[in-house]
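Here is a short tour for someone meeting this structure for the first time. Have a look at it first, then read on.

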Amino acid sequence: MGNWERMVWNQRHLLLDGLVVTLEICLIAFAAAIVGGLVLCLVRLYVRPLRPVAIALIEFFRATPIFVQLLWVNYVWP
Amino acid sequence: MSGALAEALNPAVFWEYRAILLKGLAFNFYVFAAAAAAALILGLGAALLRVNRWRPLRWAGTLHVEIFRNAPDYVMVVWVHFVLPLLLGLAIGRRLEFPPFLSAVIALGLVYSGYFAETFRAGIQSIPLGQIEAGRACGMPERLILWRIILPQVVRRMMPEAVNQFVSLFKATTIVSLIAVPDLMYQVSMVTQQEMRPLPLYTGAALTYFAIIFLASSLVRALAERWRQKVYA
């Protein structure tokens, strides 16, 4: 258990900081996902001319892996 | 802006490296196939434990499902690659190291076995108890009831959900590049470092995955639906 104490317990501030970042990302992404999802849903249902755009976006984001999306957004969007 | 867009959609670089990228994509499929097979077998096993008559076995099944469904894929991949060999090595008293491919298959197989177990269990529990009782009344052994009465119906009923799981699993194979399995994403990163042109490469990768997953899932969904309607009233 000495190892555990040295490597985990003594680093707890770093690990907890990491956990906070995870929770922050989770919260913000969750909020964005709900709002974005609702908008896409409403556009798909009620805005006739934009319907194909909404469907294309939905299918594209559903069919690309998160990891690919992560790198893509990070490198390509800017 | 339009220049960047043209650069992002420029397929020339992607095409230039098509040989190595295709090889990478093949690795995605290998990992997917091996992990899917492992996940189906382990998942069926865990589901059968969860509907077992004996309570400790039910607990064991639940434990398996909860552990592997609640661990993020990435954490499992890293853990299986770096920690599991050490633990096993300690247990057998030898230094042990997994090749990245094996770690990827074990980790994804275990994670998705948790999901498949729940899919199987839902299917098994959707079969009316009367059918099982009827089988018993005819003197069928439990094993035959399982293979001839329960599982054929379960497989058909779980098709739509299973397709979703397979899609998730295929998408999850991209993270194995993080432990240096040379899959498509890994090759894309390598080529990007050489060429310093991330735009077309990452865009190409995203579009490739999109095309594969979209086509495959539409196709499988249509086939599965036809099969269900033909066989199952």
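## Salt bridges

The side chains of B:Arg136 and B:Glu142 meet in a salt bridge, at 2.7 Å from N to O. A salt bridge here is a side-chain nitrogen of Lys or Arg within 4 Å of a carboxyl oxygen of Asp or Glu. B:Arg136 is partly exposed, at a relative accessible area of 41%, and B:Glu142 is partly exposed too, at 43%. For these labels, buried means under 20% relative accessible area, exposed means over 50%, and partly exposed is in between (1.4 Å probe, protein chains only). Elsewhere, salt bridges that share partners join B:Arg50, B:Glu118 and B:Arg121 into one network.

B:Glu118 is buried, with a relative accessible area of 17%. Then there's B:Arg95 with B:Glu97, at 3.2 Å between the closest N and O atoms; B:Arg95 is exposed at 73% and B:Glu97 is exposed at 61%. Over all chains, the structure holds four salt bridges.

## How to read the model

This is a predicted model: local features need pLDDT of at least 70, side-chain atom pairs count only at pLDDT 80 or more, and totals for chains, interfaces and linings use all residues. Residues are numbered from 1 along each chain as its sequence is written, chains are lettered from A and ligands numbered from 1 in the order in which they are written, and side-chain values use heavy atoms, leaving out hydrogens and water.

## Aromatic rings

How many aromatic pairs does the structure hold over all chains? There are 13. Rings of Phe, Tyr and Trp (its six-membered ring) pair if their centres lie within 6.5 Å; planes under 30 degrees apart count as stacked, over 60 as edge-to-face and the rest as tilted. Take B:Phe32 and B:Phe166: their centres are 6.1 Å apart and their planes at 75°, so this pair is edge-to-face. The pair links distant parts of the chain, 134 residues apart, with B:Phe32 in helix H3 (residues 18-50) and B:Phe166 in helix H10 (residues 159-172), both of chain B. Helices are DSSP runs (H or I, at least four residues), numbered from the N terminus. B:Phe32 is buried at 18% relative accessibility, while B:Phe166 is partly exposed at 26%.

B:Phe166 also pairs with B:Phe116, with centres 5.2 Å apart and planes at 50°, so that pair is tilted. B:Phe116 lies in helix H7 (residues 100-125) of chain B, so its pairing with B:Phe166 ties together parts 50 residues apart in sequence. B:Phe116 is buried, at 0% relative accessibility. One aromatic cluster is formed by B:Phe29, B:Phe32, B:Phe116, B:Phe166, B:Phe170 and B:Tyr209.

## The nonpolar core

The largest nonpolar core has 66 residues, and those with the most contacts inside it include B:Met76, B:Leu108 and B:Val154. Such a core is a set of buried Ala, Val, Leu, Ile, Met, Phe, Trp, Tyr and Cys residues joined through side-chain atoms within 4.5 Å. Leaving out residues up to four places away in sequence, B:Val154 touches B:Phe120, B:Gly123, B:Ile124 and B:Ile127. Contact means heavy atoms within 4.5 Å.

## Where the chains meet

Chain A brings twelve residues to the contact and chain B brings 19 residues.

Key: Helix = DSSP H or I, 4+ residues; strand = E, 2+ residues; numbered from the N terminus.
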